[in-house]
Amino acid sequence: MLELQPSDRRPGTPSYSGGGGGDELIRTYKGWKGNNVFFCGGRLVFGPDARSILITIFLITAPVTIFCVFVARKFIDDFPHHRGVSVLAVAIGLNLLDLIFLLVTSGRDPGIIPRNLYPPEPEGIEISGEPRLAHTPTQSRLPRTKDMIVNGITVKIKYCDTCMLYRPPRASHCSICNNCVEKFDHHCPWLGQCIGLRNYRFYFMFILCSALLCIYVHVFCWIYVKRIMVGEKISIWKSLIKTPASIALIIYTFISVWFVGGLTGFHLYLMSTNQSTYENFRYRYDRHENPFNKGILGNFMEVFCTSVASSKNSFRAKVSKEPVIPPRLVNGAMSSPSLQKVSQDIEMGRKPVWHETVDEELGDMDKDMGTAVTSRDLSRMLPPEETEGREIMHSRESSRGRRGGSWEFSGRVNEDLRTRDDESSGIDASRDLLVEISDAATVRSRTGTGTGRL
């Protein structure tokens with residue numbers, strides 16, 4: 001079954017501090033981890049490539065402006081009762097409608113699934129009192145897929161490492177926006193936005209209006225050329241020469257209609273079979289039954305006659321700002337907290353102990369596994385000069401053996417520490433033996449000197 005995380009784990013929901021009031025509250029969109037661009041205080045949500053919208057608006061508005069000025073204006077006096085104004089009005093109306101659908105599609109939440117602050121708990125493992133961090137060893141034990149039954153058909157849902165959740169059926173992670181989107185269709189570069197559950201119908205209306213606008217302009221350009229040819233009784237080629245604006249618009253709309261018209265026909269097919277572009281390109285339903293197919297009429301009713309799903313994100317809600325530990329500079333280089341401690345020891349005249357930096361990195365791992373290592377004499381933990389290179393190699397090798405947060409790292413570190421304790425104990429025993437031999441030699445020399453004097 002699909003498991004949803006509690007609402008207090010999601011960054012898009014408001015949270016209120018209980019008593020202290022020391023947490024800084026910010027708007028959700030200011031701390032958003034995706035690549036989206038927000039306007040009007042988080043009311044408008046765009047993709048990271050939102051600037052492409054300006055190019056799209058220009059490609060739509062410029063041809064319509066040329067058409068109204070050089071072609072449609074000439075039809076005003078050609079029909080009785082000024083009915084020729086309707087040619088101009090329809091062109092302007094289609095253009096405005098197209099721009100409205102463009103902005104509605106690109107400026108709204110396409111169906112972003114709020115990411116979790118912590119990974120879900122694996123099944124069969126008791127939940128501890130404290131929440132786990134984002135990339136803990138527990139996450140490596142999560143299954144990559146789960147089975148979910150939809151309309152009697154088993155569907156696999158996948159785990160998203162970035163959002164730390166199991167994506168609902170038909171959802172996918174957009175690498176451009178860096179969000180998981182419900183019923184993900186594709187990321188449209190012309191609109192700079194993902195197309196998903198909440199803006200698909202507006203996207204289809206946008207490309208449909210674009211196709212109708214291209215056909216409308218193309219047809220009336222030919223009508224205007226025909227009007228010149230009949231009125232002046234000249235050939236079609238001479239008529240085209242007399243209206244260069246019509247030639248440019250005929251060529252432009254002919255090329256454009258193949259693009260937007262073909263796209264409109266393709267999405268009509270997708271809606272009739274209840275597929276998305278992402279699913280169609282991956283051939284998901286070629287050999288398997290589509291569990292979401294409701295028939296042609298039911299599929300179109302689902303797209304156009306159902307209410308738009310409400311957004312799962314409240315971008316203007318105030319949430320607690322996540323604490324950020326700023327990195328510090330040590331000798332002009334970035335330093336982690338463990339490296340800062342070592343540098344402080346050096347400045348105080350104390351040589352840093354090797355295992356202390358390891359303990360700093362392990363954190364609570366040693367407490368949980370019971371692998372805390374103590375030593376009576378910290379100076380004995382220093383590796384001998386001839387083994388420094390070998391110890392560094394061991395530490396690197398241990399870090400390479402650490403896969404997905406496994407506990408093998410701490411075990412190998414402790415094993416290395418015990419080995420060094422044994423070696424240092426042997427060195428101390430040798431030193432004691434040498435001291436005893438030297439003391440005995442001193443006693444003998446003193447005894448021999450006294451006998452000779454006697």
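At 60% relative accessibility, Trp-258 counts as exposed, the term being used for values over 50%, with buried meaning under 20% and partly exposed in between (1.4 Å probe, protein chains only). Phe-254, at 46%, is therefore classed as partly exposed. Both residues belong to helix H5 (residues 244-273), where they are four residues apart, about one turn of the helix; helices (H or I, at least four residues) and strands (E, at least two) are DSSP runs numbered from the N terminus. This is a predicted model, in which local features need pLDDT of at least 70 and side-chain atom pairs count only at pLDDT 80 or more, while totals for chains, interfaces and linings use all residues. Residues are numbered from 1 along each chain as its sequence is written, and side-chain values use heavy atoms, with hydrogens and water left out.

The structure holds 15 aromatic pairs, defined by ring centres within 6.5 Å for Phe, Tyr and Trp (its six-membered ring), with planes under 30 degrees apart called stacked, over 60 edge-to-face and the rest tilted. One of them joins Phe-39 and Phe-46, whose ring centres are 5.5 Å apart and whose planes meet at 80 degrees, so the pair is edge-to-face. Phe-46 is buried at 10% relative accessibility, whereas Phe-39 is partly exposed at 41%. The rings of Phe-254 and Trp-258 are also edge-to-face, because their planes stand at 80 degrees, with centres 6.2 Å apart. Phe-67, Phe-75, Tyr-216, Phe-220 and Tyr-224 make up one aromatic cluster.

Turning to the strands, E5, E6 and E7 form an open antiparallel sheet in that order, two strands being paired if DSSP finds at least two bridges between them. E5 and E7 (165-166) stand at the edges with a single partner strand each, so one side of each is left without a neighbour in the sheet. Six antiparallel bridges link E5 (residues 145-150) to E6 (residues 153-160). Within this pairing, Asp-147 stands opposite Lys-156, and Ile-149 has Thr-154 as its bridge partner. Two residues separate the strands of this hairpin, and Asn-151 in the turn has a positive phi of about 55 degrees.

The covered face of E5 carries Lys-146, Met-148 and Val-150, and the uncovered one Thr-145, Asp-147 and Ile-149. Lys-146 also lies over the face of Tyr-166, 4.4 Å from the ring centre; such a placement requires NZ of Lys or CZ of Arg within 6 Å of the ring centre and within 35 degrees of the ring normal. Likewise, the charged end of Arg-170 sits over the ring of Phe-292, at 4.4 Å from its centre.
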